[in-house]
Amino acid sequence: MMFKKKNNDKEIKEEKIIDEEIDDSINVREIIVERRSGFNFSEVIIIMIIAIMFGFLLGNIVNFVVFSDGSSSNDELDELVSTYDNIVNNYYEDVDKEELIDAGIQGMINYLDDPYATYFSGDASDDFNEELSGNYEGIGIEVMLRDGVISVGNVFDNSPASKAGVQVGDVVTKVNDIDINGKSLTEVVSMISGDDSKSKSKLTVNRNGEELSFELSKDTIETPVVDSEIYENNGKKIGYIKIEIFNSNSYKQFNKALKKLDKNNIEGLVIDVRDNPGGYLSEVRNILCLFLNKKQVLYQLQTKNKTEKVYGTKKSIDRDYPVSVIINDESASASEILASAFKESYGSHIVGINSYGKGTVQSASDLNSGDTIKYTIQKWLTPDGNWVNDKGVVPTDRVETVLQDGETLNFNNDIMLQTAISVVSE
């Protein structure tokens with residue numbers, strides 16, 4: 001189980017987009033948008049190798065639907081085209097046509113005065129769409145910086161690094177035979193990731209005084225976003241599942257972890273979505289359907305004209321043990337959907353502090369150029385019809401884990417986790 005210390009000194013705006021199919025003709029995307037804390041370089045810093053490849057886009061997400069109502073008249077469009085032609089042909093200096101079009105699209109997005117409306121062009125659009133696929137091309141490790149030493153913080157199962165024998169704790173000394181002494185963590189991550197066209201990386205490490213080198217071929221790596229554990233309290237086995245983000249593999253990984261916990265005869269479950277920025281609505285829905293039946297509301301979607309209730313999919317659910325959910329002020333959108341569903345439809349304890357408060361839905365469209373635009377079209381509501389926007393999900397058990405300078409989060413000082421375990425083992 002890996003905990004990350006929250007750092008308020010630096011924040012990174014991150015956004016992700018995802019695709020799913022509702023029917024044969026409608027392509028649906030889900031975006032959850034809000035803040036995410038940055039990394040504390042004076043403490044333990046975990047930077048995933050994929051961060052360099054895709055950019056620091058991990059962050060904010062809500063569901064969205066792509067559509068076109070064809071409401072613009074030809075006259076209105078002709079006016080736009082005429083303005084474009086006049087500038088291109090008559091402006092006294094040369095004009096970059098692509099940049100002019102980008103500026104026009106950005107102008108329309110800015111006009112909306114919508115904090116979650118965004119225009120992504122070029123590589124940013126590719127990164128934006130690719131990040132939540134849940135897979136990347138790499139060697140399958142995480143590296144971390146502690147006390148000036150860069151070492152392996154995690155090795156993904158069935159990855160090239162795992163198969164080659166790289167171990168957690170290995171101190172990285174060289175990458176592709178280049179000494180990393182004096183280089184920053186970001187620089188080392190970039191060196192390991194390397195050029196996309198290069199299929200191999202050489203990693204040299206120090207393990208208990210012995211120098212080891214590994215020739216590693218890149219492969220498609222499934223990013224682990226779910227972690228699980230079993231705790232014992234009051235004579236009961238309590239399962240624990242941490243969800244980092246709701247990407248395309250979240251439900252699969254969650255379901256696998258849950259089945260493993262159930263085989264160990266757990267009598268309660270804690271779901272931790274602290275610092276989870278959101279993700280695919282479909283992934284959250286599938287997870288909720290493991291606990292809520294077709295008569296129970298998961299969430300609601302509200303447009304200008306109607307409000308639609310979304311229910312579970314199964315007639316009955318065998319799983320009925322108590323569940324608690326841990327949230328904090330960085331738990332957003334899809335995380336808030338999960339927490340509110342457990343609170344209002346399952347009767348769960350919600351432990352922590354008010355969540356982020358992201359209750360709107362964005363529509364996102366890919367343009368012919370490959371660029372992406374998104375803007376708000378809906379609200380999402382809790383099962384009871386509450387709107388958490390700017391307020392967040394209110395916990396039933398308000399507690400907060402506060403760390404002192406230099407202190408690393410663990411079970412003994414994690415008051416939120418201890419409380420969440422306690423309320424399901426009473």
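**View 1. Arg274 and Asp272 meet in a salt bridge.** The side chains of these two residues come together with 2.8 Å from N to O, where a salt bridge is a side-chain nitrogen of Lys or Arg within 4 Å of a carboxyl oxygen of Asp or Glu. Arg274 is buried, with a relative accessible area of 6%; buried here means under 20% relative accessible area, exposed means over 50%, and partly exposed lies in between (1.4 Å probe, protein chains only). Asp272 is buried as well, because its relative accessibility is 0%. Please keep in mind that this is a predicted model, in which local features need pLDDT of at least 70, side-chain atom pairs count only at pLDDT 80 or more, and totals for chains, interfaces and linings use all residues. Residues are numbered from 1 along each chain as its sequence is written, and side-chain values use heavy atoms, leaving out hydrogens and water.

**View 2. Arg274 also forms a salt bridge with Asp414.** In this pair, the closest N and O atoms are 2.9 Å apart. The bridge links distant parts of the chain, 140 residues apart: Arg274 sits in the loop between β18 and α8 (281–288), and Asp414 in the loop between β25 (397–398) and α10 (415–423). Helices (H or I, at least four residues) and strands (E, at least two) are DSSP runs, numbered from the N terminus. Both Arg274 and Asp414 are buried.

**View 3. Lys242 joins Asp272 through a salt bridge.** Here the side chains meet at 3.7 Å, N to O. Lys242 belongs to strand β17 (residues 236–243) and Asp272 to strand β18 (residues 268–272), so this pair, 30 residues apart, also links distant parts of the chain. Lys242 counts as buried because its relative accessibility is 9%.

View 4. How many salt bridges does a search of the whole structure find? The search finds 7.

**View 5. Helix α9 is mostly covered.** Of its 13 residues, 11 are buried, among them Ile337, Leu338, Phe342 and Tyr346. Helix α9 (residues 334–346) should span 18 Å at 1.5 Å a residue, and its end C-alpha atoms are 17 Å apart, which agrees; the expected span is 1.5 Å times one less than the number of residues. Just after α9, Gly347 takes a positive phi of about 80°.
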